Amino acid sequence: MSEHVEWSEPETAAAPVAVALTPADAADAARLVAFGLQPKLQPARDQEYGELLRRYREDPAFARLADAVAAGLGLVVLEVSPRAGMAVTAAEDSVFAVRMGDYARRTAADSVDRFLHGLAHLAVAAMAFPRPEDLADDGYIGRVSVNGVDAFVRQACRRLEERAEEQGENTDPATDAPGLESAWRIWARRSSTGATKDARRLAGSTTGIIGKAVGFLTDSGFLQRTGDDNGGTYRTTARYQLQVRDMAGSAAMAELLELGIVPVTDGSATLLPAEDTDDLELVAGAGLPFHS
């Protein structure tokens with residue numbers, strides 16, 4: 001006689017119950033995005049910011065809600081971390097997008113100066129992250145100076161002039177010539193500091209233009225001023241590294257890098273021609289912190 005054993009279906013684990021998000025959660029998500037729009041604010045120095053960041057990283061539903069709030073405002077979330085906070089950048093159609101024309105009006109620049117301001121931003125990005133691995137390394141901190149950037153661009157001007165002479169094109173460039181071929185003529189003819197008796201930096205001088213550019217980047221939380229040497233020295237922030245990564249791909253930057261000029265990483269004004277450019281190429285493209 002065999003004993004009958006009744007088998008039962010194994011108990012299944014209870015499905016996790018989704019917690020409905022509330023208007024208060026939406027307010028918290030919007031608050032986190034608002035913190036992200038304050039680039040100088042550091043999470044380590046604001047308890048509420050730090051708590052919202054921690055919630056974003058630990059609560060997927062809240063993270064999706066915050067991402068949706070950002071997307072609705074035309075913002076792209078680059079990174080959410082203790083080092084960068086909620087780092088966002090504005091899409092081209094966002095109300096938060098800063099356009100070159102707006103930036104130029106802030107600096108009282110004419111159409112020619114607007115072009116030079118764009119070149120200054122391009123050069124700052126190149127000097128801040130001189131190698132691809134620097135741009136990829138989260139712990140890397142780039143250092144630039146106003147005089148160093150000016151020296152870098154003038155070195156590029158000399159290289160471009162030499163190239164134009166070799167090609168027998170030392171005249172105004174044709175319409176289909178690369179953008180930098182016309183840039184070097186404009187920059188090289190402009191005074192570095194201006195013509196005041198005490199050699200103060202004029203706004204329209206090349207160091208004045210660079211000063212405006214790094215001032216804008218500092219106000220935007222991309223650079224931090226570290227001293228007054230060499231016209232002003234600056235260090236990069238995590239937000240600037242993320243911004244350059246996100247906007248990499250500029251044709252003008254690619255042209256600048258092909259010249260084989262090595263920007264020194266301590267931000268000083270000394271530049272050396274590359275001995276072997278095969279392993280000294282800068283990141284292949286970088287963009288401006290605003291839209292054209």
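Author: Helices here are DSSP runs (H or I, at least four residues), numbered from the N terminus, and the expected span of a helix is 1.5 Å times one less than its number of residues. The model is predicted, and its local features need pLDDT of at least 70. Residues are numbered from 1 along each chain as its sequence is written.

Reader: What span should the 14 residues of helix α9 have, and how far apart are its end C-alpha atoms?

Author: Helix α9 (residues 206-219) should span 20 Å at 1.5 Å a residue, and its end C-alpha atoms are 20 Å apart, which agrees. Just after α9, glycine 221 has a positive phi of about 80°.

Reader: How many residues of α9 are buried?

Author: Buried means under 20% relative accessible area (1.4 Å probe, protein chains only). In α9, 11 of the 14 residues are buried, so the rest of the structure largely encloses this helix. Among them are Ile209, Ile210, Val214 and Phe216.

Reader: Which residues of α1 are buried?

Author: An α-helix has 3.6 residues a turn, so residues three or four places apart point the same way. In α1, Asp25, Ala29, Leu32, Val33, Phe35 and Gly36 are buried. Seen down the helix axis, they fall within an arc of 160° (taken from the directions from the axis to the C-beta atoms), so they line one face of α1.

Reader: At what angle do α1 and α3 pack?

Author: Two packed helices are described by the angle between their axes and the distance between the axes. Axes are lines fitted to C-alpha atoms over the stretch in contact (heavy atoms within 4.5 Å), and angles run from 0 to 180 degrees between N-to-C directions. For α1 and α3 (residues 60-72), the angle is about 60° and the axes are 9 Å apart.

Terms used: This is a predicted model: local features need pLDDT of at least 70, side-chain atom pairs count only at pLDDT 80 or more; totals for chains, interfaces and linings use all residues. Side-chain values use heavy atoms; hydrogens and water are left out. Buried means under 20% relative accessible area, exposed over 50%, partly exposed in between (1.4 Å probe, protein chains only). Helices (H or I, at least four residues) and strands (E, at least two) are DSSP runs, numbered from the N terminus.
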